[in-house]
Amino acid sequence: MDFNVFVSYSTKDLDHVEALRSQLADTPLKLFVAEHSVVPGEDLTQRIKASISNCDLFVFVWSKNAKESGWVSQEIGHASALNKKILPLVLDQEHIPEGFVSNLKYLPAYKSISDALSEARDILVDAYEKKKQFEMQQRQQIESNNKFGLGVAAFLLWIALRK
């Protein structure tokens, strides 16, 4: 089962994104970090839009740098428009998220980056586990429905053959 996480950030904050990647290295999560996920020559805009559309969870690393980045605001807007689950990670206490994401509870990385990254890891892994459990329940329901359908078909065949 895939669990895709899109990470939005300013390239000036890449060191914090790398710390997040390290924190999640031993998990089954697939992170989209443009620095590593987009190959030279690839259409950046299309790849980013597709990756946001396909993500299970959208994380944005917010800072003065991110606020000044045109890309980060657009990525947040796109994720918000698609009703994606969003997890803000705030690096600067004086630069709190604004606009469509101002109402979201955020992880205050400005207090302790290691605590915030650890909590982010817990939140992301928990979301993965919930998706995994939901998909397993759906499979079990489909199997149960299939067994019931086969039972009904067998019963109807039995009735038809008795005549």
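Let's start with Ser-73: this residue is partly exposed, with a relative accessible area of 38% (buried means under 20%, exposed over 50%, partly exposed in between, using a 1.4 Å probe and protein chains only). This is a predicted model, in which local features need pLDDT of at least 70, side-chain atom pairs count only at pLDDT 80 or more, and totals for chains, interfaces and linings use all residues. Residues are numbered from 1 along each chain as its sequence is written, and side-chain values use heavy atoms, leaving out hydrogens and water.

**Around Ser-73**
- Ser-73 sits in helix H5 (helices are DSSP runs of H or I with at least four residues, numbered from the N terminus).
- Between the C-alpha atoms of Ser-73 and Ser-37 there are 19 Å, and the two residues are 36 residues apart along the chain.

**How H3 and H5 pack**
- Helix H3 (residues 44-54) packs against helix H5 (residues 70-81) at an angle of about 40 degrees, and their axes are 10 Å apart (axes are lines fitted to C-alpha atoms over the stretch in contact, and angles run from 0 to 180 degrees between N-to-C directions).
- That angle makes H3 oblique to H5 (under 35 degrees is roughly parallel, over 145 roughly antiparallel, 65 to 115 roughly perpendicular, and the rest oblique).

**The two sides of H1**
- In helix H1 (residues 14-23), the buried residues are Leu-14, Val-17 and Leu-20.
- They cover an arc of only 110 degrees around the axis, so they lie on the same side of H1 (the arc is that of the directions from the helix axis to the C-beta atoms).
- Asp-15 and Ser-22 are exposed on the other side of H1.
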